Amino acid sequence: MSSPAPKSPEMSDKSRKYDRQIRLWGEHGQTVLENAQICLINATALGTEILKGIVLPGIGGFTIVDHRSVTEEDVGCNFFLDLDSVGQPRAKRCMQLLQELNPDVNGDYVDEHVEQLIDGQPDFFRSFDVVVATSISERTIVRLSNVLWEQNVPLIVARSVGFYGVARLQLREHCIIETHPDNKQTDLRLEHPFEELKKHMDATEITNKVPWLVVLYKFLQEWVTIHEGRYPSTYREKSELRELIRSKMDGEQENFEEAIKAVNSSFGGGKPSSSVREILADERCINVNTESNAFWIMARALKDFVDNEGNGLLPVPGVLPDMTADTSSYISLQTVYRNQAAHDAEIVFRRARQLLKELNKPNDLITDKDVRLFCREAANIAVVRGTKITDEFDKGYHRSSHIASVLETPNSLMGHYIVLRALDRFQADYGCLPGESEAESDTTGMKSIAAKMLSEWGIGTPLSDDLAYEICRYGGAEIHSISAYLGGCIAHELIKLVTRQYRPIDNTFIYDGSTSQTETYKL
């Protein structure tokens, strides 16, 4: 999305404070962020770094659940604690110090073990947009995963030990309107020009002051006529079009040069991609019901447009790239696209309102502004469906073959995932973290646990001796710089989930600070 221009000079204090991030996710994204609530389980160094990364940009509020008191070890690795904090409730103290970063953010704490909440108040978690858990036991991971999966609340489970870190995202379904793809194609409808665009182009003569789009359109029509109605699709055909434009240049004409450069990237707009077609063919899109959310109702309205008024094409987005041209010719061309975008969005909006009425849902569930945004981003909408963390603890885990193949890949970080999983099992079996007492003897125990885990999955590749020793050498301790980096990465994912912009990781992120290497795996 293009960066919105600052509202000068009367910018509000809040807009001025958050100006740079608003340029990333817009004012609507900032509003969503400011209304979000996050729950952190365990105020470890990693946990507080994650919260720092969302408190600074203005999350609505956070709640820390932690039954522990601050120890000297906590002070040594957690910058949000000091020696005066020793002996105080860790949740309360971290909440107080985190709130000092941003007075706009509300903080709360619960001085209880998370297991008590799962047993006595499982609905406690329903009020949060995302739950983040750091350094929790294997038993708690399984229980929390099951509870939040049923409640449809996204969960991130993370751990930082020594130079290694892992974050696993669990979500049932995540619908994204603004995915912000790296290479977003501009939909110019050159192959399928709408009537008003044809009229505008036919009435406009080529000069050195018109936008390059006019130049490209004119010579494209000439090329199509020569080639019996075909549009250029191959590299050779596009090269011919470029040469045709170049042959008509009279000296240095910047709009001609821009048209030549734009040939490769200006075709193919309007038709739904395979991923968008999958969404429009999804059961949740075709059969909307009273349980359907706004995304799926708008998707159904979009599908009806594509199948009918759109003749197989998506609504016109109405967004033009920058072009060298005089102001009046650029604005007149931009107006043509914007008017068509408004026309298409109005059709989709009326259909969405009709669906809301049929489903007996309130009209304000979907606004005209919502539909305009949906239509503008229709070519890049996405739906991410995740898996339950609990599944990874089954002996017949269905992704074991993938794990086995990645383990064979040189320099992969899948071994780090295995060793961190073995750490959880070691803690469950022995009641302490490996290396807390004796690194050498615990290394043997870790290798045995990892071998048993891999055997249950039918994997014969052994765990690296170096990885087993390294994880024991740390004795479960956190290194602040490693937790700070991993915490920043996880904070990014939280913002993606809350704002429903950008694609989140899918679904496991591994970090090795000793080699500055990261990898993402779908488990």
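Visitor: What should I know before I start?
Guide: Residues are numbered from 1 along each chain as its sequence is written, and side-chain values use heavy atoms, leaving out hydrogens and water. This is a predicted model, where local features need pLDDT of at least 70, side-chain atom pairs count only at pLDDT 80 or more, and totals for chains, interfaces and linings use all residues.

Visitor: How many helices and strands does the protein have?
Guide: Helices (H or I, at least four residues) and strands (E, at least two) are DSSP runs, numbered from the N terminus. Here there are 21 helices and ten strands. The C-alpha trace spans about 80 × 50 × 45 Å along its principal axes.

Visitor: What percentage of the residues count as buried?
Guide: Buried means under 20% relative accessible area, exposed over 50%, and partly exposed in between, with a 1.4 Å probe and protein chains only. Of the 523 residues here, 54% count as buried.

Visitor: How do I read contacts along the sequence?
Guide: Contact means heavy atoms within 4.5 Å. Take contacts between residues at least 6 apart in sequence: 69% of them join residues at least 24 apart.

Visitor: Is Glu 49 buried or exposed?
Guide: Glu 49 counts as buried, because its relative accessibility is 4%. Its place is in helix H3, residues 45–55.

Visitor: Which residues is Glu 49 in contact with, leaving aside neighbours within four places in sequence?
Guide: Glu 49 is then in contact with Phe 80, His 480, Ser 483, Ala 484 and Gly 487.

Visitor: Now a strand. How many residues of S4 are buried?
Guide: Strand S4 covers residues 130–134, and five of its five residues are buried. Val 130, Val 132 and Thr 134 point one way from S4. Val 131 and Ala 133 point the other way.

Visitor: Which strands are joined to S4 by bridges?
Guide: Two strands pair if DSSP finds at least two bridges between them. Strand S1 (residues 37–41) runs parallel to S4, with four bridges. Ile 38 has Val 130 as its bridge partner in S4. Strand S5 (residues 155–161) also runs parallel to S4, again with four bridges. There, Leu 155 is the bridge partner of Val 131.

Visitor: How does the chain cross from S4 to S5?
Guide: The chain goes through helix H7, residues 138–151, in a right-handed β-α-β crossover. Right-handed means that, with the strands pointing away from the viewer, the path from the first strand over the helix to the second runs clockwise.
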